[in-house]
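This report is for a reader who has not seen this structure before. It goes through accessibility, the cores, a pocket and a loop in turn.

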Amino acid sequence: MASSITSSLQTSNLRSAFLGERNGFSVCSVSVTHVGFLKKTIECKESRIGKQPIEVPSNVSIKLEGQALEVKGPLGQLSMTYPREVLVQKEDSGFLRVRKALETRRANQMHGLFRTLTDNMVVGVSKGFEKRLQLVGVGYRATLEGRILVLSLGFSHPVRMDIPDGIQVKVEENTRVVVSGYDKSAIGQFAASIRKWRPPEPYKGKGVKYADEIIRRKEGKAGKKK
């Protein structure tokens, strides 16, 4: 009987040491002299986009100095400075490769991004890019006055936009606007600024939209009553 009581007391004290104070009883502290940690090395996968080589056409010249790259072609010239997380290398075969300089999360994020930006530079100075917009609405028109794009979008006055350097704008049939050039980011920014004046509304689709843009239509009040 005494041995069973002693055993139950030892079990109770052992539970208190692990579970902490319960019901007002104090718990003795146990000092730990050595704790072992399991170190696991996480290897970051290489970006599928970032590891693809970039083909440089024969009509494009490349100038690489450290982290600065300059690309020159028949349509224009572009340059970019890379962060320390990525490296740009020119191979003997003429291809460009963007590699990670560090094994960090930020380097993984920048690997594919700067490979895409580099490819856009090469394609831009050799072939160019374009964005097409369409004006939808009664009386909506676009005209060119030199280097100024004039838009009639239902306001009390026409919208006049200066065309930035390096960008060409063409108007087709007074309702279609084509923005082209060698800098893809500048083309996209100028096209977005045109669309911003009158974004397409979801009921009749009136406004300025991209040519390949799909507008999700909403049902009007008249349609709901049926």
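A residue counts as buried when its relative accessible area is under 20%, as exposed when that area is over 50%, and as partly exposed in between. S193 has a relative accessibility of 26%, so it counts as partly exposed. This residue lies in helix α3. Between the C-alpha atoms of S193 and M161 there are 9.3 Å, although the two residues are 32 apart along the chain.

**The chain as a whole**

The model is predicted. Its protein chain has 226 residues, and 27% of them are buried. Four helices and twelve strands make up the secondary structure of the chain.

**The nonpolar cores**

The largest nonpolar core holds 21 residues, and L151, V177, V179 and I194 are those with the most contacts inside it. Two or more residues of this core come from each of the strands β6 (129–136), β8 (148–152), β9 (159–162), β10 (167–172), β11 (176–181) and β12 (207–210), and also from helix α3 (184–196). Helix α3 provides the largest share of this core, with four residues.

Which residues does I194 touch, leaving aside its neighbours within four places in sequence? I194 is in contact with L133, L149, L151, M161, V177, V179 and V208. Another core lies apart from this one; it has 18 residues, including I62, L69, L78 and M121.

**The largest pocket**

The volume of the largest pocket is about 160 Å³. Its lining is formed by L78, S79, M80, L117, N120, M121, Y182, D183, K184 and S185. Of these lining residues, five are nonpolar, three are polar and two are charged. At least two lining residues come from each of β3 (77–81), α2 (105–126) and α3.

Why does the largest pocket lie between domain 1 (52–125) and domain 2 (128–208)? It lies there because both domains give residues to its lining.

L117, one of the lining residues, is placed in helix α2. Its relative accessibility is 32%, so L117 is partly exposed. S185 also belongs to the lining. The C-alpha atoms of L117 and S185 are 9.4 Å apart, while 68 residues separate the two along the chain.

**The loop between β10 and β11**

E173 is found in the loop between β10 and β11, and N174 is placed in the loop between β10 and β11 as well. E173 is not a glycine, yet its phi is positive, at about 55 degrees. N174 is likewise a residue other than glycine with a positive phi, near 65 degrees. Is E173 buried or exposed? With a relative accessible area of 60%, E173 is exposed. N174, at 32%, is partly exposed.

The accessibility values of the single residues discussed here are set out below.

| Residue | Relative accessible area | Class |
|---|---|---|
| S193 | 26% | partly exposed |
| L117 | 32% | partly exposed |
| E173 | 60% | exposed |
| N174 | 32% | partly exposed |

Note on methods:
Residues numbered from 1 in each chain as written. Predicted model: local features only at pLDDT ≥ 70, side-chain atom pairs only at ≥ 80, totals over all residues. Heavy atoms only, no water. Core = buried A, V, L, I, M, F, W, Y, C linked by side-chain atoms within 4.5 Å. Buried < 20%, exposed > 50% of the residue type's maximum accessible area, 1.4 Å probe, protein only. Contact = heavy atoms within 4.5 Å. 1 Å grid on protein atoms, 1.4 Å probe; cavity = no way out; pocket = protein on both sides within 12 Å on 5 of 7 lines; lining within 4 Å. Points joined across faces, edges and corners; volume = space filled by probe spheres on them. Nonpolar A, V, L, I, M, F, W, Y, C, P; charged D, E, K, R; others polar. Domains from an automatic or database assignment.
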